[in-house]
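Subject: Structure handover

Hello,

Here is the structure for your files. My notes on it follow below.

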Amino acid sequence: MYIEKRILSIKDTQRISISVSIILLFLFIVLLFAFWNIQVLKCDYYKTLAIKNIYREIEIKAQRGLIVDRKNNIIAENRLNFSLFLIKKSIKDFEKTIKFINLVTNIDKEKILNKINKYKRYPGSYSIPIKKNLPLDKVIYVKSRFDEFPEFKIAIEPTRLYPYKSIGSHILGYMGEITLKELNRKKYGTYNLGENIGKSGIEKQYEEYLRGVNGVQIVLKDNLGRIQKVLSEKTPKIGKKIVLTIDWDIQEYIEEIFKDYIGSVGVVDLGTGGIIAIVSKPNFKPESFSSFLDRDEWNELINNPNKPLTNKFIQGLYAPGSVFKIVMALAGLQEKVINTSTVVNCYGSVKIYGRTFHCWNTSGHGPMNLYNGVKNSCNVFFYTLGKKLDIDIIAKYAKMLGLGSQTNIGLPNEKLGLIPTKSWKLKHLHQKWFPGETISVSIGGGMLSVTPAQVLLMISTVALRGNMPQLHIVKRIEKNEKVVSTFKPIFKHVPIKKKNFEILIEGLFRAVNDEGTGRAAKVKGLDICGKTGTQPIISKENPNYERLIKIYRFKAHSWFASFAPRKHPEIAVVVFVEHGGDAGAIAAPIAAKIYKKIFE
Amino acid sequence: MNNYLKYLDKFTFIVIIIISLSGILLIYSVSQSLEQSYYLKQLLWLSISLIAFFIVLRIKTEFVFRSSLALYIILCIILSIQLIAGQIVGGTKSWLRFGFVAVQVSEFIKIPIALYIANILSKIRIIDWFTFCKLIFLLGIPFLLIAVQPDLGTAFILTSFIIISILLKRIKLSIIFVSIIFIIIGSFLSWNYILKPYQKNRITSFFNPEKYSQSSGYQIIQSKIAIGSGGLNGKGYLKGSQSKYKFLPTRHTDFVVSVLGEEFGFVGVSFLFLLFFILFYRQFNFKSKTDREFYFVYLFNFFILFQFLINVLMSIGLFPILGIPLPFVSYGGSSLLSFFIGEAIIFKIKINNYL
């Protein structure tokens, strides 16, 4: 048996026991206090954090409203796509993350950094869109490495799809990521960085209607963000449907026959003022903007001298040329400086204010009345008329007929053009108006500039004998197949006598049907009335004229403004070909094909 | 045997059983999200521990003390072999496999150490340099063997024996003075040359968990959220979102208190603390026949208390995360078994008084 000599006395052990018990009591009280502090005093704080941990609101992107033509053909719809998002907060190793993005998307590291940097002011939990239209194999790859890279999120997002590719690109416009500058505008107050908005065309103009209402899903998630349970869901609402006045069959047809030209074509339904087709060449592919447009593709669009992104119908500014003779004829008749019996002898040129003005027909047209002056587009006749009219009077009639102001057709960024007046010149060029300038204006030259849309409006007004239609492109807006708003045709009366229109129309009819300048537009059985316009870029007096005229960019612009039928006009067509040369040979036959197509 | 049972401190024994069962209750709660039936394993280990408890209860105290050094040497040898030939499980070589059961030998070394230190302390009046060096040597070997496994937590907790010894015995002041200098130099060297980045991270994040909220501070923050969000009454059994949705790390071992705090609230935590308080109070207040018995009971109880405190303080961010389980509660068969064996010796010592 082990016998031990005790060093500790009973008292010693008791003393130790008591002091240890006191220490023990003290420790447990402190411990309880520490837990009381966290569990009771700070309970609410930690409860919020716990809820934040498990709850997540997931935004479900709404589909954008459809765009359809007058026959309900869908011309802009949505496709569901996988998009890659980055949540900055969850990044563990920034370098690795960037490398991974580069591997998956092939976007330059620098570009990725720039992209992420843009979201500096956004909370760390914001989903930064990195790549739209992620291919399926990449989606699977990202998902398979989710444990390693929890900072990535793959979401299904609707992206714009244009089934007709580049057809009607200028009508539709394109979509693009909202810029910081746009975000600051009140109009885009409810948008977030990374969202797509309409950047041009209908997509831009009707953005507020097309945009849907995003849905929200509240889910329970675990520590890795994996969804455990869906608690509630608000389904997204698709945006409103825009029904256009465009007839896509005709649009396609015109694009096909016009594909080798640069310029614009506009067709309007004269019964309503609804546009049937708007062509502007060259086109672009709206869909390439919906995903990722690479730099080369963008540079090509921006630097192309033929400006594919410009809608030449409303943004192209050109001198109207002989088409302007319509304005001159009406002004002359209405102001009573000419009538049907006024005759001017054309010898190929005429001397006015000491300067010689040439007719396009250098051998001369001989005696010309108004009908034949219009029919043959005789410059001398109109020079003589111009001499009798004040520039401000001409401008008054030009503006009355819709030139020099926006048509408000319903597409963004429409250009104004210019109808010069004396006061305008004084104000902007600080110069007095020279009478010689009026002579140039009277055949559609000088400082005049108009858009094809304005010319279409003018010829429509002529066709309707002074009833100016409100040109428009949107027929109605629908929500869930119910009409929200409809465009009601509006016609404005132009204070020019109907009789004067009839006189002009006789001239326009002869131009097409009586071996006039527009004879190439003649269609059997259809009374087409029209006016050509060949607007030279260089003067015939230029010593190098013969050489230069063969170079494309020195060729004249070709116009043809027309309507049909003569008596009860239904359709007006304007064809404009940049550097097309002789309008009668280039622009007029295109119009003829269009009429044939429509009235067949 | 009947005598043993007659004098067994049944009340304290029941308290330990309740603590262990509450551990199984919590482990069951987290087993679901861990997708492993840890609670069944723990239940099996509790049965083994109870059998071991009653076996140890029959062994004479004198034999236990006498064989302590031999046991210590055997365990140290096993630890060395493990280091050389052991297989790595979960990043460390802490485990020794016997067929289908894996044992953490490092958990058992505390028993012979406590016994042997009790022996040493009972023979001296004051800790002098010779005794101190003996203690350092005694603890140093297993400390290093366990630290390189690497299992810093288990190694670290062994150093508490030195502190307990100093508290129980008078000590030469020069030793304390020199030790402090050594600790300062030692911690400087280990910080710069020995500790691995993740180990350092644990310590830096302890001081500023928010800054490391995505990495090493994450555990502290999530544990505090679990406990804090439990509130007064808790979210209810099996309803803790922090553990259910896996925000709590190592919730079956190191952060088992956080599960308790989340599901049973302050009330539940207080109840467990009360049980522990009763356990410590009962085991510290007893009449001993010999000094070494007295010292052993204090050494071993203090060791449990230290481990308890570190684990609990860790869960509320008041102590760096060391990976130390909560005695009797956390999942871990070796830990449970070793504590039951140690307690058996204490119960036996208490019985000895009546014989």
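The axes of helix 5 (residues 68-85) and helix 7 (residues 129-147) of chain B come within 10 Å and cross at roughly 25 degrees; axes are lines fitted to C-alpha atoms over the stretch in contact, with angles from 0 to 180 degrees between N-to-C directions. Helices are DSSP runs of H or I, at least four residues, numbered from the N terminus. Helix 5 and helix 7 of chain B are therefore roughly parallel (angles under 35 degrees). Cys76(B), Leu79(B), Ser80(B) and Leu83(B) of helix 5 touch Ile141(B), Pro142(B), Leu145(B) and Ile146(B) of helix 7 (contact: C-beta atoms, placed from the backbone, within 7 Å).

This is a predicted model: local features need pLDDT of at least 70 and side-chain atom pairs pLDDT 80 or more, while totals for chains, interfaces and linings use all residues. Residues are numbered from 1 along each chain as its sequence is written, with chains lettered from A and ligands numbered from 1 in the order in which they are written.

The largest nonpolar core has 124 residues. Such a core is a set of buried Ala, Val, Leu, Ile, Met, Phe, Trp, Tyr and Cys residues joined through C-beta atoms within 7 Å; buried means 20 or more other C-beta atoms within 10 Å of the residue's own. Helix 23 (residues 583-599) of chain A gives this core its largest share, 10 residues. Leu504(A), among the residues with the most contacts inside the core, is in contact with Ile326(A), Ala329(A), Leu330(A), Val374(A) and Val462(A), leaving aside neighbours within four places in sequence. Apart from this core lies another, of 100 residues, including Ile24(B) and Phe280(B).

Regards

Technical notes
Buried ≥ 20, exposed ≤ 12 C-beta atoms within 10 Å, placed from the backbone. Helix = DSSP H or I, 4+ residues; strand = E, 2+ residues; numbered from the N terminus. Contact = placed C-beta atoms within 7 Å. Parallel < 35°, antiparallel > 145°, perpendicular 65-115°, else oblique.
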